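Subject: Structure handover

Hello,

Here is the structure I promised to pass on. Please open it first, then read the notes below it.

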Amino acid sequence: MLPCPSPTSNWTPILSGWDSQSNGHFQGVAKEGRINGAKYPFRRYGVGCCAREVLVPKGPLYRVAGTAISISCNVSGYEGPAQQDFEWFLYRPEAPEAALGIVSTRDSRFSYAVFGPRVAAGEVQVQRLQGDAVVLKIARLQAQDAGIYECYTPSTDARYLGSYSGKVELRVLPDVLQVSAYPPGPRGRQAPASPPRLMVHEGQELALGCLARTSTQKHTHLAVSFGRAVPEAPVGRATLQEVVGLRPDLAVEAGAPYAERLAAGELRLGKEGTEQYRMVVGGAQAEDAGTYHCTAAEWIQDPDGSWAQIAEKRAVLAHVDVQTLSSQLAVAVGPGERRIGPGEPLELLCNVSGALPPPGRHAAYSVGWEMAPAGAPGPGRLVAQLDTEGVGSLGPGYEGRHIAMEKVASRTYRLRLEAARPGDAGTYRCLAKAYVRGSGARLREAASARSRPLPVHVREEGVVLEAVAWLAGGTVYRGETASLLCNISVRGGPPGLRLAASWWVERPEEGELSSAPAQLVGGVGRDGVAELGVRPGGGPVSVELVGPRSHRLRLHGLGPEDEGVYHCAPSAWVQHTDYSWYQAGSARSGPVTVYPYTHALDTLLVPLLVGAGVAFLTGAIVLGTITCCFMKRLRKR
């Protein structure tokens, strides 16, 4: 219950929606204030006045037949108990003076015969919100429900002062809202019993249309939304998930799961013409499958400025199935297990199959080959691939080789190695990846598939190498030149075989060999060009070919830092028809220890110099002592 105005303020609250002119009981000036935190208009009366006031919404109200309506009523400024009673009456246009009792809070038998069955069925009821406020609810309006509704409050006051009833007019409009799929399907006998079923590929656009129109004579706004329900689920507000909608104020909003896609431009809603609406979902995903509906709601603005929904209808547009790329992508390879010799070309074919959308605006594909050595786990390393733009590239370790990756048919790809090597033997797999385009033309990987393993065998060249290395002279002294020789023997191999040899050293640390890898000192390549590494002692190094299969390493001005264990590492190289080279064999000689000795004269020179120095120092001391004593005696004389 709202409090009466104090004698000093002389202001009475007026709840929203009450029209003072309709009752004609009060005159005065209105202003705005707050009671218990809520904002209300106030009207000032004469000093000492405290009047009852019944408030109902400002009319007329327009609603559509078959829909529900709720009319509120509250009373203030009363005396007596906090719980007031309410009675509702209807004055029909054809009998404006005849009051038809609808429902009452204090008498269950209050309803007239025209409303009795509807009240008993719960279609018409009064619901108490609090002691001094109720709401009249009519579940399904009928045309004869139009008229003026009066909310009356029996008096509990000591004297009559103010208004005891409020009236509001309700006008019932015919239901003329229409909703259907657009473009419409066949009619008559050819019309299907169920909505059409639409199949889209993952990544493609899903476009659905809706036709919504109304011929209501009053100014109304249409709100159109597209929703999705999971397949075979009953349609209702609890199961229908809104995708995107056009609000009465023409704002486009998306349901929570689709808000990000709307912001990214993947989801669009547009109006085509005066009655057609079109929704486009870009980059369809698996979770987009379901039954799509179009819901149209008609809104009208009540006299108090608020908007009320007066009609709503829904139409099924289509059952949508999204065919995922992962369920369709398949890869097959051929022609089967391969056995080839070194230097021969190797060709492998990869065929991508499945009900896939063509590459272009919505989808893209990449295809590559992987190779794993026999017995190695995992798919292996990349040999070559074609990316989504059709640009080929080679994997690590294959740069510089004559390898081609090309598309020979709409879905067939070929890998060609011009000259196979024994190192190319292993298990090959074809890897295909499918991408869908999102907002900004960005690609998102949607599926990938690998083929069965395809074994490839490449015969070895049969090259056997042996190397024998030694230190010329057996013993070497500091300051001299150390000459290390390496003889190489070869068995097998094709004509044109070339040899290369390199020299390596392992340095000792505290009497033991270091765990660090061996260090290259120098060598001669397969083309006869010398390659110099790093000498431990930092002096000059020379490497040379002294015979058809004999190599020599010379360390000039040998020093103690050159001490270490040296070895010779020859390798055999074969050139194929594509002018590429590959290593057909390798070997390692036994260890050769290089220890720079010192000369015998060098070992005697140090003691001799030390002894001479000591003798010279001793003689000088003795001579100085004798001279000092002689000079003292001479002075005394």
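Start with glutamate 563, which lies in the loop between strand E43 (550–555) and strand E44 (564–575). Helices (H or I, at least four residues) and strands (E, at least two) are DSSP runs, numbered from the N terminus.

Before going on, two notes on the source. This is a predicted model, where local features need pLDDT of at least 70, side-chain atom pairs count only at pLDDT 80 or more, and totals for chains, interfaces and linings use all residues. Residues are numbered from 1 along each chain as its sequence is written, and side-chain values use heavy atoms, with hydrogens and water left out.

**Glutamate 563**

Glutamate 563 has a relative accessible area of 28%, so it is partly exposed. The cut-offs: buried is under 20% relative accessible area, exposed is over 50%, and partly exposed is in between (1.4 Å probe, protein chains only). Not counting residues up to four places away in sequence, glutamate 563 touches Arg507, Pro508, Val594, Tyr595 and Pro596. Contact here means heavy atoms within 4.5 Å. Proline 536 is 27 residues from glutamate 563 in sequence. In space the two are 8.1 Å apart, C-alpha to C-alpha.

**The five-strand sheet**

Next, an open sheet of 5 strands. Its order is E5-E12-E11-E7-E8, with mixed pairing. Two strands pair if DSSP finds at least two bridges between them. Strand E5 (61–64) and strand E8 (100–104) each have a single partner strand, so one side of each is left without a neighbour in the sheet. On average, neighbouring strands here are turned by 30° against each other, direction ignored. For such angles, axes are lines fitted to C-alpha atoms, for helices over the stretch in contact, and angles run from 0 to 180 degrees between N-to-C directions.

Strand E7 (residues 87–91) and strand E11 (residues 147–152) run antiparallel, joined by 5 bridges. Phenylalanine 89 has glutamate 150 in E11 as its bridge partner. Tyrosine 91 stands opposite isoleucine 148 in E11. E11 also pairs with strand E12 (residues 165–173), again antiparallel, over 6 bridges. There, glutamate 150 has lysine 167 in E12 as its bridge partner.

**Arginine 63**

Strand E5 holds arginine 63. Is this residue buried or exposed? Its relative accessible area is 8%, so arginine 63 is buried. Its side chain makes a polar contact with the side chain of aspartate 302, at 3.1 Å. A polar contact is a pair of N or O atoms within 3.5 Å; within protein, one must be able to donate a hydrogen and the other to accept it, and residues adjacent in sequence count only if both atoms are side-chain atoms. Leaving aside neighbours within four places in sequence, the contacts of arginine 63 include Ile69, Leu141, Leu170, Ile300 and Ala308.

**The four-strand sheet**

A second open sheet has 4 strands in the order E4-E6-E10-E9, and the pairing is antiparallel. Its edges are strand E4 (53–55) and strand E9 (124–130). Neighbouring strands of this sheet are turned by 20° on average, direction ignored. Strand E6 (residues 69–76) pairs with strand E10 (residues 133–138) over 6 bridges. Asparagine 74 has alanine 133 in E10 as its bridge partner.

**Threonine 324**

Last, a loop residue. Threonine 324 is found between strand E22 (307–323) and strand E23 (330–334). Its relative accessibility is 18%, so threonine 324 counts as buried. Beyond its neighbours within four places in sequence, threonine 324 is in contact with Glu202 and Ala286.

Best wishes
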